[in-house]
Number of protein chains: 2
Amino acid sequence: MTDFASKLAATVEKNDSLVCVGLDPVIDRLPAGLEKNAAGIIEFNQRLIEATSDLVSVYKPNYAFYGALGADAWDTLAKTLAAIPDDIPVLLDAKVGDIGSTAEQWAHMIFDEIGVDAVTVNPYMGKDALDPFLSYADRGVFFVCHTSNPGAADFERLETSEGPVYEHVARKAVEWNDNGNCGLVVGATQADSMVRMRSIAPDLPFLVPGVGSQGGDLEHAVGDGLREDGQGVYVNSSRSIIFASAGSDYPEAARTATQQLRQQINDVRTSSLRTTSRGVAQSG
Amino acid sequence: MTDFASKLAATVEKNDSLVCVGLDPVIDRLPAGLEKNAAGIIEFNQRLIEATSDLVSVYKPNYAFYGALGADAWDTLAKTLAAIPDDIPVLLDAKVGDIGSTAEQWAHMIFDEIGVDAVTVNPYMGKDALDPFLSYADRGVFFVCHTSNPGAADFERLETSEGPVYEHVARKAVEWNDNGNCGLVVGATQADSMVRMRSIAPDLPFLVPGVGSQGGDLEHAVGDGLREDGQGVYVNSSRSIIFASAGSDYPEAARTATQQLRQQINDVRTSSLRTTSRGVAQSG
């Protein structure tokens, strides 16, 4: 198992959680009582992390929300990451990808300079655009595959003679998984495709955005997406957790929202395990 | 015409050039005499810009090469941009794209905070991942379409019943061009497809990487890609220009390399115009 995978598995076990919290702060939406600037964002993130770190499997800051702070981007992201306990993995959502010599720079930025455990990449440009990320064998590399937004219909779902484009992406992630560090981004609003995704990529971790604000179907996404080990689906929620309250009780509100999501997911896990056990018993 | 398009056209006219210089510095490759740090990169870029600014149509820094500098990223990019004369357009190569609320943050980062005239985006996630960029009607938005790297075969060239995936991207760029600010990234190593690209998107500007280090076919790329106005193809060269010399004469070497590329492109333009004129004369 890669360092990322073992760190993730240990946190899932310890916190009994498949929840991924997206740390995507926006100055205009900071709760009452916080400064409306980078310092306010740092405090917001620190308090959210304190309030949820025993409930999550992974934190996922999206680089765009820090880059948007301009000159304050680096410091704000660095202080946010410093607030995350060392044993909890961090996945930087960036969705980048470029020709090899450029992808090397992105990978250096993300894995060495920012120093996170995993990243999301955009696979459109193909293997040599992804290899520089994959060569960091101890880090996770999640390919954007089938996303939860309406635009997924434009190119991701284009039909080829061997199925939609996103299925090619899933098959290539399996094929290019020499270091055991590939993962897939599979949106919860596309739950109808989750069974198929899991059959194509039985062992890969799935990052599942699209619950909460985007209205995805949690039960199908988790129930259909779980691996046989009862893990492998990491459900991201950003806005529904971090902006759960616009008041000064936002840490408590975020904690409650995270607990509820964890419970909803774990109810599906328990139910799936029961189904699997019954299946085994019947066939035995 | 958008602000970006008119700025670009004016620079093309003034400098008689379709050359795009990629400002993609790497500390390890800085020429002799420069400090091996962010200060060295700033000086390197400043001298390259001084040496070439009367020969180019547009400068294209790739964000990854600045992001890789970690805490020095923002300052290095800002000082580089400050060295570019105000009348020359700047296209930030970033190849990003994400769901709408995240893409808004990327667009704010790139257009408001960094403040460039144009950007490259990755279209894989579809229209709502691109709209936040396209809504900046005065900026250029270049969709990664058909790239110059080997991995273009993996997903970009997948065949659908209506042609390869990248042709869908080109058609959508035409369809979504309400603000007249869409462009396409079409690699020079795929020159066989350039005629087809131009027929699908007769009016769109094409950013053409892949000459120089990547060995693309300049004559076909330019000859087949030019619009009827003799513009519309902006040929990027990064390493062949900025690393033209490893010695202290790098500004002169970069200038010579830029002049040569400009001349090669302009020879094709002249030849294409002659062909077109002859065609008109014969048919008249």
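Thr80(B) has its place in helix H4 of chain B, the helix that covers residues 73-82, and like everything described here this placement comes from a predicted model. Is Thr80(B) buried or exposed? Since a residue is called buried if 20 or more other C-beta atoms lie within 10 Å of its own, and Thr80(B) has 23 C-beta neighbours inside 10 Å, it counts as buried. Leaving aside residues up to four places away in sequence, Thr80(B) touches Leu23(B), Ile42(B), Asn45(B) and Pro61(B). The chain also brings Glu43(B) to a C-alpha to C-alpha distance of 8.6 Å from Thr80(B), although the two are 37 residues apart in sequence.

Further along chain B, helix H5 (residues 100-114) packs with helix H6 (residues 127-134), their axes lying 8 Å apart and making an angle of about 30 degrees. Because angles under 35 degrees count as roughly parallel, H5(B) and H6(B) are described as roughly parallel to each other, and their crossing is right-handed. On the side of H5(B), the contact is made by Gly100(B), Ala103(B), Glu104(B) and Ala107(B), while H6(B) contributes Asp128(B), Ala129(B), Asp131(B), Pro132(B) and Phe133(B). Sorted by class, this contact has five nonpolar, one polar and three charged residues.

Turning to chain A, the reader can follow an open sheet of eight strands, in the order S2-S1-S10-S9-S8-S5-S4-S3, with parallel pairing. Strand S2 (58-61) and strand S3 (91-96) of chain A are the edge strands, each pairing on one side only, and from one strand to the next the twist averages 30 degrees. Within this sheet, strand S5 (residues 140-146) and strand S8 (residues 182-186) of chain A run parallel and are joined by five bridges; in one of these pairings, Val141(A) has Cys182(A) of S8(A) as its bridge partner. Helix H9 (residues 218-225) of chain A packs on the sheet, where it touches S8, strand S9 (206-208) and strand S10 (233-237), and its direction makes about 155 degrees with that of S10(A).

How values were computed: Residues are numbered from 1 along each chain as its sequence is written. Chains are lettered from A and ligands numbered from 1 in the order in which they are written. This is a predicted model: local features need pLDDT of at least 70, side-chain atom pairs count only at pLDDT 80 or more; totals for chains, interfaces and linings use all residues. Axes are lines fitted to C-alpha atoms, for helices over the stretch in contact, and angles run from 0 to 180 degrees between N-to-C directions. Helices (H or I, at least four residues) and strands (E, at least two) are DSSP runs, numbered from the N terminus. Angles under 35 degrees count as roughly parallel, over 145 as roughly antiparallel, 65 to 115 as roughly perpendicular and the rest as oblique. A crossing is left-handed if the near helix is turned anticlockwise from the far one by less than a right angle, and right-handed if clockwise. Two residues are in contact if their C-beta atoms, placed from the backbone, lie within 7 Å. Ala, Val, Leu, Ile, Met, Phe, Trp, Tyr, Cys and Pro count as nonpolar, Asp, Glu, Lys and Arg as charged, and the others, Gly among them, as polar. A residue is buried if 20 or more other C-beta atoms lie within 10 Å of its own, exposed if 12 or fewer, and partly exposed in between; C-beta atoms are placed from the backbone. Two strands pair if DSSP finds at least two bridges between them.
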